[in-house]
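Here is a short briefing to read with the model open beside you. Take the topics in any order you like.

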Amino acid sequence: MNKLFLPYRHETDRQPIISRLQDATIDVEFLDPDKPLRSTAMIKSIANNCSGDYTFIMLGENTLIPGRDCFSRMEAIGSNTGAVMLYADYRHRNTQGKTTDCQLIDKQEGALRDDFDFGQLIAVKTASLREAVAEMTSEYRAAGFYDLWLRLSRYGEIVHINEYLYTIEENTSATSHHEAQFSYVDPRNRASQIEMEEVCTAYLKATGGWLAPAFKEIDLEQEKFDTEATVIIPVKNRCTTIGDALESALSQKTDFPYNVIVVDNHSSDGTTEIIDRIGETHNNLIHIIPDREDLGIGGCWNLAARHEKCGRYACQLDSDDVYCDSNVISRIVQEFRRQQVPMIIGSYRLTDFDGRELPPGVIDHREWTPDNGRNNALRINGLGAPRCFYTPLLREIGLPNTSYGEDYAIGLRISREYQIGRIYDVLYNCRRWEGNSDAAPSREKMNANNTYKDRLRSWELQARRRLNTEREGK
């Protein structure tokens, strides 16, 4: 008989849970409270005590209310498809009794994020579970489940069932959006992240996607530029913030010529007039309104980078944000000259609109290492800010014409061949406010964003495998 493994419950709390499962033909076992839920030790314990063709594991601490045919449906689809692992959409009931539909996304090859959302109930083919566990030689406190599903993905398909098969009843406080979004760079989680990186690196090596630390060199002086640096600001309808962004960009102190290119993507709220007014007193401000009306942020970046007055180095500033001081551009150019790389990423501080720090505070991406950063980039969901580029390479590669993930796409592409430099000092205040496009995205929006980034990783993984094959053939 198949077995369901649930997080530990005190003896007095078990009977209601068992009674709820009495219509399902399934055995129930409560997990050892002394083993972390996603640890290697817990995964091994489950493998040693499982039975039946499929093993069901609850991944969260909340209360599981399975649908009438939840387990049999998952097993039937597993049997029909030969899936090594299955997960399903579900419903979430909060402490006030409100129920929300939770749609998940399909697992792609490039979905290598350690926080990929499988919901809170999975079914694993028992034979594959035991095979994977037999191969595990490292003991992880936090990355045991991540190690498991990456191994399983090498054996066969991980299937998403887009049916609502169960309900989760909340009995603990939810993690805030900011905490969840930036957990991978929170210093408090550093030990866990080291484990996750080790697991992902092993997977990439086993599947041909890992790149050795050998990089192309680049001559940053190969082309002549009248302007050394350009701040690029794409904007649309940001009348409340564009003034601050421009003031920050135009007040930079440098010993070289620099300018600011604003790509005003057909604003209709007064943003255009603010830019024009500021431009009257700053001859190094270039205001572009595209001829096209189908440009996303990436397309606006391409337009600015290919402008004849764009400088040698193109530096990011979003229209919501500000640099930390007036020496940022000088520092970035200094680092380009010192590090001799075609892309540099700085560090930033999350703040509210009034400049008050928001958790987790400083985002410096210290998980990036010169040797393995570009491999670990396939696991994490962002590379940091501000992002700065050697303009000729930026023009050659270009950004995808999207308004989400375009920065991640070009970072992955550049890192495939070149070293990316880092500045770990804070250069940038990333301001979160109610008008931000990513301040509080809906689940539908988050699903679309995650699907796109997973697709970017899938394409990049394929490209890196081909690159390795070409190198081996020489």
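Where is the place of His 365? His 365 sits in the loop between strand 15 and helix 12. Please keep in mind that this is a predicted model. The chain has an average pLDDT of 92, and 93% of the residues score at least 70.

**Confidence**

**Backbone features to look up**

- His 365 has a phi near 50 degrees, which is a positive value in a residue other than glycine.
- With a relative accessible area of 1%, His 365 is buried.
- Asn 237 also has a positive phi, near 55 degrees, and is likewise a residue other than glycine.
- You will find Asn 237 in the loop between strand 9 (229-235) and helix 8 (242-250).
- Asn 237 counts as partly exposed, at 27% relative accessibility.
- Pro 359 and Pro 360 are joined by a cis peptide bond, with omega about 5 degrees.
- Pro 359 lies in strand 15 (residues 357-363), and the place of Pro 360 is in strand 15 too.
- Pro 359 is partly exposed, its relative accessible area being 45%.
- From Pro 359 to Gln 419 there are 60 residues in sequence and 30 Å in space, C-alpha to C-alpha.
- Another cis peptide bond joins Ala 385 and Pro 386, where omega is about 0 degrees.
- Pro 386 belongs to the loop between helix 12 (373-376) and strand 16 (387-390).

**The nonpolar core**

- In soluble globular proteins, nonpolar side chains tend to be buried together.
- Here, the largest nonpolar core has 137 residues.
- The residues with the most contacts inside this core are Met 85, Phe 118, Leu 246 and Val 260.
- Which residues does Leu 246 touch, leaving aside its neighbours within four places in sequence? Leu 246 is in contact with Ile 233, Val 260, Val 262, Ile 275, Ile 278 and Leu 285.

**Aromatic rings**

- Across the whole structure, a search finds 13 aromatic pairs.
- Phe 116 and Trp 149 have ring centres 6.3 Å apart and planes at 50 degrees, so this pair is tilted.
- This pair links distant parts of the chain, 33 residues apart: Phe 116 is in the loop between strand 6 (99-102) and strand 7 (121-125), while Trp 149 is in helix 5 (residues 144-155).
- Phe 116 and Trp 149 are both buried.
- Trp 149 also pairs with Phe 118, and here the arrangement is edge-to-face, at 5.1 Å centre to centre with 75 degrees between the planes.
- Because Phe 118 lies in the loop between strand 6 and strand 7 and Trp 149 in helix 5, the pair ties together parts that are 31 residues apart in sequence.
- Phe 118 is buried, as is Trp 149.
- One aromatic cluster is formed by Tyr 87, Phe 116, Phe 118, Phe 145, Tyr 146 and Trp 149.

**Charges over rings**

- Lys 205 places its charged end over the ring of Trp 210, 4.6 Å from the ring centre.

**Helix 5**

- The 12 residues of helix 5 should span 16 Å at 1.5 Å a residue, and the end C-alpha atoms are 17 Å apart, which agrees.
- How many residues of helix 5 are buried? The count is 10 of its 12 residues, so the helix is mostly covered.
- Among the buried residues of helix 5 are Phe 145, Tyr 146, Asp 147, Trp 149 and Arg 151.
- The buried residues of helix 5 pack against helix 2 (40-49), strand 5 (85-93), strand 7, helix 4 (126-135), strand 8 (158-169) and helix 7 (190-207).

**Helix 10**

- Helix 10 (residues 297-305) has seven of its nine residues buried, so it is largely enclosed by the rest of the structure.
- Gly 298, Gly 299, Cys 300, Trp 301, Asn 302, Ala 304 and Ala 305 are the buried residues in helix 10.
- Their cover includes strand 9, strand 10 (258-264), strand 12 (313-316), strand 16, helix 13 (391-397) and helix 14 (406-417).

Definitions and conventions: Residues numbered from 1 in each chain as written. Predicted model: local features only at pLDDT ≥ 70, side-chain atom pairs only at ≥ 80, totals over all residues. Heavy atoms only, no water. Core = buried A, V, L, I, M, F, W, Y, C linked by side-chain atoms within 4.5 Å. Buried < 20%, exposed > 50% of the residue type's maximum accessible area, 1.4 Å probe, protein only. Contact = heavy atoms within 4.5 Å. Phe/Tyr/Trp six-rings, centres within 6.5 Å; stacked < 30°, edge-to-face > 60°. Helix = DSSP H or I, 4+ residues; strand = E, 2+ residues; numbered from the N terminus. Lys NZ or Arg CZ within 6 Å of the ring centre and 35° of its normal. pLDDT = per-residue confidence, 0-100. Expected span 1.5 Å × (residues − 1).
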